[in-house]
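We will go from stop to stop, selecting a few pieces at a time.

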Amino acid sequence: MRVVIATSNPGKVTEIREALAGLGWELLALDDPSLPAVTLPEETGTTYEENAALKACATALTVGLPALADDSGLEVSALNGEPGVFSARFGNLGTANGRNLHLLEQLRGKADRRAKFVSVLLLAYPDGYLESYRGEVEGQILEGPRGQDGFGYDPLFLLPDGRSMAELSVPEKRAVSHRGRALEALKAAHSAGAPK
Ligand code: ITT
């Protein structure tokens, strides 16, 4: 099956390709020259599911192929679960580094550093059939960045084993991360025979 990865985030493309390599799907990024131009819609939903569906459905309808979108976020206990679905717009800051500094500022002096990453994958077919998979991972927000790999909030996210998410290789991140868990569920469903 040819599937379009409906994201503008190259880090997500890398992780999705690595995790789904064994499925035998041809995974196309949005900048693939064989595809018509896709404009991802504004994320106006209030849940990860809604936003992932907006991105996947718009892409599937434009290209006429199944499309896989991810909507994800970081939920911080001391911030009452924020930034959550608004993680890409946290503090209205346009760069990952700016958002990370904003997060550190918001948590300055707070003892409760608990946080959770959430990923929702939405696979949309051009006929309107939808599949959704969710994954989560719990950790803590560090006092400063650690590690060079991953993307976004990874350098600030401490896992229970003492490593930051940005200190993991792509396969190591898959084994423990929110997106890795959602991708594992998708892979299991399709390895057992496509739900559709
Ligand atoms: P697309 O919408 O084009 O897929 P995006 O990066 O804007 O790309 P989201 O709307 O889902 O994706 O926003 C998620 C935000 O949470 C964004 O700031 C990411 O950097 C961050 N994020 C998501 N998954 C992450 C991960 O695995 N590690 C670190 N940060 C992550």
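Start by selecting helix 1 (residues 10-19) and helix 5 (residues 178-191), whose axes come within 10 Å and cross at roughly 40°. This angle makes helix 1 oblique to helix 5. The crossing of helix 1 past helix 5 is right-handed. Now show side chains where the two touch: helix 1 contributes Glu15, Ile16 and Ala19, while helix 5 brings Arg179, Gly180, Leu183 and Lys187. Sorted by class, this contact of helix 1 with helix 5 holds three nonpolar, one polar and three charged residues. Keep in mind as you look around that this is a predicted model.

Next, hide the helices and colour the strands. In what order do the six strands of the open sheet lie? Follow them as 2-1-3-4-5-6, with mixed pairing. At the edges you will find strand 2 (26-29) and strand 6 (157-158); each has a single partner strand, so one side of each is left without a neighbour in the sheet. Strands of a sheet pair through backbone hydrogen bonds, either parallel or antiparallel.

Let's walk through some of these pairs. Select strand 1 (residues 2-5) together with strand 3: they pair in the parallel sense over two bridges. Click on Val4 and then on Ala67 in strand 3, its bridge partner.

Move on to strand 4 and strand 5, which run antiparallel and are joined by 11 bridges.

From strand 5, step across to strand 6. These two also make an antiparallel pair, with two bridges. Select Gln140 and you will see Leu158 of strand 6 standing opposite.

Now bring back helix 2 (residues 48-63). Which strands does helix 2 lie across? Highlight strand 1, strand 3, strand 4 (114-124) and strand 5 (130-141) to see them, and note that helix 2 runs at about 160° to strand 3.

For the last stop, select the ligand and the residues around it. The shell numbers 22 residues, and the closest are Thr7, Ser8, Ser87, Ala88 and Gly152. Which strand gives the largest share of this shell? Colour strand 3 (residues 67-76), which supplies five residues. Finally, colour the shell by class to find seven nonpolar, nine polar and six charged residues.

Definitions and conventions:
Residues are numbered from 1 along each chain as its sequence is written. This is a predicted model: local features need pLDDT of at least 70, side-chain atom pairs count only at pLDDT 80 or more; totals for chains, interfaces and linings use all residues. A residue is near a molecule or strand if its C-beta atom, placed from the backbone, lies within 6 Å of it. Helices (H or I, at least four residues) and strands (E, at least two) are DSSP runs, numbered from the N terminus. Ala, Val, Leu, Ile, Met, Phe, Trp, Tyr, Cys and Pro count as nonpolar, Asp, Glu, Lys and Arg as charged, and the others, Gly among them, as polar. Two strands pair if DSSP finds at least two bridges between them. Two residues are in contact if their C-beta atoms, placed from the backbone, lie within 7 Å. Axes are lines fitted to C-alpha atoms, for helices over the stretch in contact, and angles run from 0 to 180 degrees between N-to-C directions. Angles under 35 degrees count as roughly parallel, over 145 as roughly antiparallel, 65 to 115 as roughly perpendicular and the rest as oblique. A crossing is left-handed if the near helix is turned anticlockwise from the far one by less than a right angle, and right-handed if clockwise.
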